[in-house]
Amino acid sequence: MSASPLPKLLPRHLAILLMMTVATMFAANHVSARLAFDNGTGLLLAVLTRSGVACLILVALVIVQRKRLWLPAGSWPWQLAVGLLIAIQSVSLYSAVARLPVVIALLLVNTFPIQLALLSWALGGPRPTLRSCLIMGTILIGLLVVLDIPSWIASADGMGPGWIAGIGFGLMAAFVFACALWVTEHRLAGVGSTLRSLLTMQTVFIVMIIGGIAGVVPGGMSLPDNSTGWLGLTLLGLLYGSAFSTLFIFVPRLDMARNAPVMNIEPVASLVLGYFVLGQMLSPGQLVGGAVVVGGIVVLSLSKGR
């Protein structure tokens, strides 16, 4: 049997435009989540909604593509581990979004390339190059500026009661996501992407139901208090599902190795949307720090030696 022809790549300008659109939709999903949380929506319900929509889309893809639902021997424990890790990452991310300005939460989560590089090294992978270490150090300095550490030291109460917890949740989301990526790359390389994504989203969905029934998060399954909360909940599910499916369907045609850094526009989009929708504003110094973080992550992702 002859091998299937490789999908034709989109023209680069169309690929970049599509990826910028998807990144903006992901940013809008996080802004919608904050809108939902500010109006009484439970944390677990929000994750349940977005994973449920993603599951429906993936089931449709499996049916249309006639994929075989089969995992290689020995893959089940690792696939379950990835599902649990993404469940933790989802809850941690939304916990950060609920406590911090959306753009700061996303900048924290986008430190996952640094954590993945260090994790891979710790588990026997290549040691990060001096250039990569310098870039990572620059990103961390930019992150300290974004977090406005001097203001926090001067007046911890003025930063809000959830500031420290929000930072912790954001960094935890990045670490857990890095772990999931490592497992996917080193233990699940033989599993088809459609099936792997479907099983991951199903695991997240089931974990959220179990967590809601067990009352793991107080008020985790609370319904929105008003129409604004319902709008936020609806939009977060639709935006995440649409962005997820669009990226998933077109990824073979996007030349990700070359164009993936474009996705780092997400914090920038969240900054703009957060200002217009939520009234969240960063200081000029924080904006400079954010630019340093985004620029550093782009350079790091373009580096061949990590």
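This is a predicted model: local features need pLDDT of at least 70, side-chain atom pairs count only at pLDDT 80 or more; totals for chains, interfaces and linings use all residues.
Me: How many helices and how many strands does the protein have?
Reply: From the N terminus on, the elements run α-α-α-α-α-α-α-α-α-α-α-α-α. The count for the protein is therefore given in helices alone, with the strands and helices, as DSSP runs, numbering zero strands and 13 helices.

Me: What share of the contacts with a separation of 6 or more comes from residues 24 or more positions apart?
Reply: The contacts considered here are those in the protein with a sequence separation of 6 or more. Within that set, residues 24 or more positions apart account for 89%.

Me: Are helix 1 and helix 3 roughly parallel or roughly perpendicular?
Reply: Helix 1, residues 12-37, and helix 3, residues 76-99, have axes 9 Å apart and pack at an angle of about 65°. The range from 65 to 115 degrees is the one that counts here, so helix 1 and helix 3 are roughly perpendicular.

Me: Which residues of helix 3 make the contact with helix 1, and what is the handedness of the crossing?
Reply: Helix 1 contributes N29, H30, A33, R34 and F37, while helix 3 contributes L93, Y94, V97, A98 and R99. By class, this contact has six nonpolar, two polar and two charged residues. As for handedness, helix 1 passes helix 3 in a crossing that is right-handed.

Me: How many charged residues does the contact of helix 2 with helix 9 have?
Reply: The axes of helix 2, residues 43-65, and helix 9 come within 8 Å and cross at roughly 150°, which means that the two helices are roughly antiparallel. The crossing is left-handed, and among the residues that meet are L48, C55 and L58 in helix 2 and S197, M201 and F205 in helix 9. By class, the contact has 15 nonpolar residues, eight polar residues and, of charged residues, none.

Me: How are helix 3 and helix 8 oriented to each other, roughly parallel or roughly antiparallel?
Reply: The axes of helix 3 and helix 8, the latter spanning residues 163-187, come within 8 Å and cross at roughly 155°. Since angles over 145 degrees fall in one class, the pair is assigned to it, and helix 3 is roughly antiparallel to helix 8. The residues of their contact divide into 16 nonpolar, six polar and two charged, and the crossing is left-handed, with the orientation being roughly antiparallel.

Me: Is L195 buried or exposed?
Reply: L195 has its place in helix 9, residues 193-214, and, not counting residues up to four places away in sequence, touches R68, L69, W70 and L71. Because its relative accessibility is 9%, L195 counts as buried.

Me: Which residues is S197 in contact with, leaving aside neighbours within four places in sequence?
Reply: S197 also lies in helix 9, and because its relative accessibility is 16%, S197 counts as buried. Leaving aside those neighbours in sequence, S197 is in contact with L58, F244 and F248.

Terms used: Residues are numbered from 1 along each chain as its sequence is written. Side-chain values use heavy atoms; hydrogens and water are left out. Axes are lines fitted to C-alpha atoms, for helices over the stretch in contact, and angles run from 0 to 180 degrees between N-to-C directions. Helices (H or I, at least four residues) and strands (E, at least two) are DSSP runs, numbered from the N terminus. Angles under 35 degrees count as roughly parallel, over 145 as roughly antiparallel, 65 to 115 as roughly perpendicular and the rest as oblique. A crossing is left-handed if the near helix is turned anticlockwise from the far one by less than a right angle, and right-handed if clockwise. Contact means heavy atoms within 4.5 Å. Ala, Val, Leu, Ile, Met, Phe, Trp, Tyr, Cys and Pro count as nonpolar, Asp, Glu, Lys and Arg as charged, and the others, Gly among them, as polar. Buried means under 20% relative accessible area, exposed over 50%, partly exposed in between (1.4 Å probe, protein chains only).
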